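This report covers one protein chain and the ligand modelled with it. Please keep the sequence and the model open while reading.

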Amino acid sequence: MNDRLPHEKGFHVSWDQLHRDARALAWRLDGKGPGENGAWKAVVGITRGGLVPAMIVSRELDIRIVDTISVKSYNHQTQTESRVTKSPQEELMGDGTGILIVDDLVDSGKTLELVRKLYPKAQFATVYAKPHGKPQVDTYVTEVSQDTWIFFPWDMALQYVQPFRGTD
Ligand SMILES: O=P(O)(O)OC[C@H]1O[C@H](OP(=O)(O)OP(=O)(O)O)[C@H](O)[C@@H]1O
Ligand code: HPA
Ligand SMILES: [Mg+2]
């Protein structure tokens, strides 16, 4: 993460906000699949950040088949390489037709670019999107600027904050 910081701005997302935004993502995808009545075949979450929105989307759209894909990014000096370290079931995926691939956000777009090469016919959905990654995503809910770092609820804790007018 340190190689990606410092960012000018921080966008702190609570569990509640993430739940609402992931539900909004599901509603956007509802009935848009290639199956009967616009059904989707399965949801695939990109670990680890995609697992929470994938669960919420699968619950909202009543999709019972859920699988995962793991993508690991390696930093070789200045070049970042990505590779898949765990694949979803091959028979399920095919070319990706009818599969909803879900992640928490798209930033540079490198993660989705790799997954898209493997499953070109899949639908790619993220809760948040930054401008560089937008061409890689088919459906998202909220756009944030490239210089914003998104803090997810699983990376944060409630903390005491000093009053604005100090107590000295
Ligand atoms: O568009 P990109 O520049 O590829 O960045 C987006 C990806 O980076 C983060 O995952 P990360 O690889 O940090 O792993 P994690 O989900 O396990 O936290 C995030 O959850 C996305 O998957
Ligand atoms: O803005 C971000 N927040 C959390 N994880 C990330 N991975 C890439 N960009 C981000
Ligand atoms: Mg991730």
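The sections below go from the overall fold to the ligand shell and then to single residues and elements.

## Basis of the model

This is a predicted model, in which local features need pLDDT of at least 70, side-chain atom pairs count only at pLDDT 80 or more, and totals for chains, interfaces and linings use all residues. Residues are numbered from 1 along each chain as its sequence is written, while chains are lettered from A and ligands numbered from 1 in the order in which they are written.

## Overall fold

The protein has four helices and eight strands. Here helices (H or I, at least four residues) and strands (E, at least two) are DSSP runs, numbered from the N terminus. Along the sequence they follow the pattern β-α-β-α-β-β-α-β-α-β-β-β. Taken along the principal axes, the C-alpha atoms fill a box of roughly 65 × 40 × 25 Å.

Of the 168 residues, 28% count as buried. A residue is buried if 20 or more other C-beta atoms lie within 10 Å of its own, exposed if 12 or fewer, and partly exposed in between, with C-beta atoms placed from the backbone. Two residues are in contact if their C-beta atoms, placed in that way, lie within 7 Å. Among contacts between residues at least 6 apart in sequence, 57% join residues at least 24 apart.

## Shell around ligand 1

Ligand 1 is surrounded by 15 residues, the closest being Arg 48, Gly 49, Asp 107, Ser 108 and Thr 111. A residue belongs here if its C-beta atom, placed from the backbone, lies within 6 Å of the molecule. Strand E2 (42–47), strand E5 (99–106) and helix H4 (110–118) are the elements that give two or more residues to this shell. E5 gives the most, with four residues.

By residue class, the shell divides into three nonpolar, seven polar and five charged. Ala, Val, Leu, Ile, Met, Phe, Trp, Tyr, Cys and Pro count as nonpolar, Asp, Glu, Lys and Arg as charged, and the others, Gly among them, as polar.

## Annotated residues

Asp 104 lies in strand E5 and is buried, with 23 other C-beta atoms within 10 Å. Leaving out residues up to four places away in sequence, its contacts include Gly 49, Gly 50, Thr 126 and Phe 152. Ile 150, in strand E8, is buried with 20 other C-beta atoms within 10 Å. Beyond four places in sequence, Ile 150 is in contact with Phe 11, Val 13, Leu 105, Tyr 128 and Val 144.

Thr 111 is found in helix H4 and counts as buried, with 23 C-beta neighbours inside 10 Å. The buried residues of H4 are Thr 111, Leu 112 and Val 115. Seen down the helix axis, these fall within an arc of 85°, so they line one face of H4. The arc is that of the directions from the helix axis to the C-beta atoms.

Seven of the seven residues of strand E6 (residues 123–129) are buried, so E6 is largely enclosed by the rest of the structure. E5 and E6 run parallel and are joined by six bridges; strands pair if DSSP finds at least two bridges between them. Val 102 has Ala 125 as its bridge partner in E6.
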